[in-house]
Amino acid sequence: MAARDLVQKKHALLRNFPLVGHARYVLETIGPELRQYIVTSNDEERPFSRDQRSWIYASAKGENNYFGFGTDNDVEHEQGHAYVKQRTFADALPDLSDPQAALPSAKVLGGPRGRAKAFRPASVINLSAMSFGSLSGAAVTALNKGAALAGTMQNTGEGGLSPYHLGGADLVLQIGTSYFGCRNEDGTFNLDKLKSMVAGAPVKAIEIKLSQGAKPGLGGMLPGAKVSDEIARIRDIPAGEDCASPSRHTAFHDVDSMLDFVELLARETGLPVGIKSAVGEMEFWEELATLMERGERGVDFVTVDGGEGGTGAAPLIFADSVSLPFRVGFSRVYGVFAERGLTDGITFIGSGKLGLPENAVVAFALGVDMINVGREAMLSIGCIQAQKCHTDKCPTGITTQNPWLTRGIDAPSKGIRAATYLRTLRRELLRVSGAVGVPHPSLITPNDIDILNGDYDARTLGSVYGYKDGWGSLGPELAHEIAELLTA
């Protein structure tokens, strides 16, 4: 080994320090694990801290998820931290003893636009878009079982509808730029295939993916190592080759034609139809709201993905620096529709690290009606934040197609853990809502939360994000309806 190191020319370190230099590469390889378990403090690690992961793991297992001896946060100096302001008195509150922790949406999805199959989602927390291909079949099966047990919906992701999505949960079918499952041979959209797919599965809504937080404006990428024969059949693509989705749609080319496409899908399927997008320039949202203000066409829901989101592979520049973080991006989008008085007619869905109670509460206060959880759901079924999603070497078998690794996932037991986590998160939201004195998180307003602004000073959430009076709150009719529904 020493002789080889001395004569090789690829690594200067090994040439100068034979044998000993290998220690550096070993330490570099296991560095993330060392930092995760030994070096970093409870709140330092990213994207999820040790405290956050511990809460998810304990919640998924139904164990004690409390923390003792008070907070270890620097509560007076942590810039930007959100603090919920509890109320001394409250009206009727929901029963927290319900083992299912039922928490339906305050809005009827598709109701304002009169869709034939409009419905009220049974859960404000649902599973985010994670395709079979990016995730293993065993992982998708476990999440689907968990969603079915918890009464939530599962988003298929742009990879199309697979057999692993058919374990009992209601589905949101995502249509991406490659139209997997409903495409022609040349990759263009095929309406007949879409209608056939919807007819044969428990699809409750259709989501058109414009972009996602991890890589907005780039399109999806499934490495060839993950494109098995099975995935190739489902997506109708060549096996073993990189599957790169285009960055833009071919079925429409501007906001006007996009609304025509939305209305076509809604008319032909009867389902509510919405869009998913990360937030960059605001011209798109301004034009969309202006056209919807006429009342003739419109989306039923808007899913805003934060730039901090992402369950798979992405170039570093896109993961770190393209598209706005959730709170900034969502508040801008919400404001565009609020200025025109359209917010009660649209269901707003948020995603991007919202599967933690504190982040979810802030999202609801900003005007979100439902949230989607992705990485938090992965953690609930065994993810250890190894951050090897892009390598096909995920040690827990969640983001790999390697049969030897995926065999580690026992879908029935992991499904129970996912369901327990989802129920626990709903119960936490009900608890916080009760502390604020309201029966539903959608009734928490931007004035119920303060954001620390420098040492010893705080501003309301609404003032931080430029909200006007009434923004972030449900209209009186919706507020009364959901309050009666939960306290009856």
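Predicted model: local features only at pLDDT ≥ 70, side-chain atom pairs only at ≥ 80, totals over all residues.
Local features need pLDDT of at least 70 and side-chain atom pairs count only at pLDDT 80 or more, while totals for chains, interfaces and linings use all residues. Residues are numbered from 1 along each chain as its sequence is written, and side-chain values use heavy atoms, with hydrogens and water left out.

**View 1. The largest nonpolar core holds 118 residues.** Such a core is a set of buried Ala, Val, Leu, Ile, Met, Phe, Trp, Tyr and Cys residues joined through side-chain atoms within 4.5 Å; buried means under 20% relative accessible area (1.4 Å probe, protein chains only). Leu 194, Ile 275, Trp 285, Leu 288 and Phe 337 touch the most other members. Helix H15 (residues 411-436) gives the most to this core, nine residues; helices here are DSSP runs of H or I with at least four residues, and strands are runs of E with at least two, numbered from the N terminus.

**View 2. Meet Ile 275 and its contacts (heavy atoms within 4.5 Å).** Leaving out residues up to four places away in sequence, Ile 275 touches residues including Met 258, Phe 284, Trp 285 and Phe 301.

**View 3. Gln 212 sits in the loop between strand E5 (203-209) and strand E6 (221-222).** Gln 212 is buried, with a relative accessible area of 16%. The side chain of Gln 212 makes a polar contact with that of Lys 209 at 2.7 Å; this term means a pair of N or O atoms within 3.5 Å, where, within protein, one must be able to donate a hydrogen and the other to accept it, and residues adjacent in sequence count only if both atoms are side-chain atoms. Not counting residues up to four places away in sequence, Gln 212 also touches Glu 158, Lys 276, Ala 278 and Asp 305.

Note on methods
Buried < 20%, exposed > 50% of the residue type's maximum accessible area, 1.4 Å probe, protein only.
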